[in-house]
Amino acid sequence: MDFKTKLTNWYSNNKRDLPWRHTKNPYHIWLSEIILQQTQVKQGLPYYKAFIKHYPTVFELANASEQEVLKLWQGLGYYSRARNLHKTAKHVAFELNGNFPDNYKDLLKLKGVGDYTASAIASIAFNEVSAVVDGNVYRVLSRYFGIETPINSTAGIKKFKKLASSLIDKGNPAMFNQAIMEFGATHCKPKNPYCIVCPLNESCVALQKNLIDSLPVKLKKTKVKTKFFNFLVCIDKNNKTILEKRTSKGIWQNLYQFPLLESHKSLSSEEFHLLDLEDSVLKNLKYDYSLYNEEDIIHKLSHQHLHTKFWIIEAEKLTAKAILTNEIKNYPVPVLISDFIESFNFNKL
DNA sequence: AATTCGGGGGA
DNA sequence: TCCCCAGAATT
């Protein structure tokens, strides 16, 4: 038996029952692939179900507001995926009459669709022979063939795409692509893979050479930066508060938060005045303040550690853009903010 | 070629 | 802690 036969046989006996495996609807396949980018099935599954329920077709998604889409995406991370999802839905619905492109080349033109996702949709929804290369494929192929080229180098990206293309089952590209990914996800795992009972173990180079734990090779990532965030949680006698939209580039674009002031260090309660309050929502306002958390809440992103303090600001009457605190739930917010909102009882004041 | 985008979970 | 996850876009 050759590589693809052993792999697809394993898949037939071991695949998980997942909702997007019961359809060839390009909208459903596309939605699942966007959600699953850099996201484990367990984490993405409830979001997939929620999106299908709220937006049964690409037209409902296209007609939704970006804020509503981001709210439904809240907690999943990489929010550019949600913004691009919405843009592409509008494009498909209004420019392409609701029809997704049906081939790799044209799928690649869609916002948020790169090499992996274009191959995935083309093969799974349209049976095009186009090999996917995701994190699972890198791991399976680097181990089986004993390839030490870094998977995130230009040479590695080309080599593994070419190798996967040479292995794909041209008679059933949809099954082969899903099989190799599923095999990587549940069998040829990063830690403690099931080599003893592996259908490919007789010919796996990494297993023979004891390289399982050192493959795949990956270039080291950049180091994490530390930032100090101070959120101003304003509350007035009318039970109103202030949320601001993050409009600039960077993390959490188009999500909402309490007014934010950054500092160069973690501030104590006595150092509140070190914040640049002149240019903040507190300008020309009488207020009392208190520190909600003495210890920094450290919110860890992949490339930033956010040392966070929440300052409770009580005022007589907030001006301008204040909203009722019971309306907060309508706004998409980062997990850091939603965790605070959950722990802080606005109604007690 | 490197960096920037989140958040959850495993060992 | 560190690493990984059905990667893409930007610099």
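1. Ring pairs join Phe229, Phe231, Phe258, Tyr292, Phe310, Phe340, Phe344 and Phe346 into a cluster. Rings of Phe, Tyr and Trp (its six-membered ring) pair if their centres lie within 6.5 Å; planes under 30 degrees apart are stacked, over 60 edge-to-face, the rest tilted.

2. This is a predicted model: local features need pLDDT of at least 70, side-chain atom pairs count only at pLDDT 80 or more, and totals for chains, interfaces and linings use all residues. Residues are numbered from 1 along each chain as its sequence is written, chains are lettered from A and ligands numbered from 1 in the order in which they are written, and side-chain values use heavy atoms, without hydrogens and water.

3. The count comes to 24 aromatic pairs. Take Phe258 and Phe340: their ring centres are 5.8 Å apart and their planes stand at 85°, so this pair is edge-to-face. Phe258 sits in the loop between strand S4 (256-257) and strand S5 (260-263), Phe340 in helix H13 (residues 335-343), so the pair ties together parts 82 residues apart in sequence. Helices (H or I, at least four residues) and strands (E, at least two) are DSSP runs, numbered from the N terminus.

4. Phe258 is buried, at 0% relative accessible area. Phe340 is buried too, at 3%. Buried means under 20% relative accessible area, exposed over 50%, partly exposed in between (1.4 Å probe, protein chains only).

5. The rings of Phe272 and Tyr289 have centres 4.1 Å apart and planes at 25°, so they are stacked. Phe272 lies in the loop between S5 and strand S6 (287-291), and Tyr289 in strand S6, 17 residues apart. Phe272 is buried at 2% relative accessible area, whereas Tyr289 is partly exposed at 37%.
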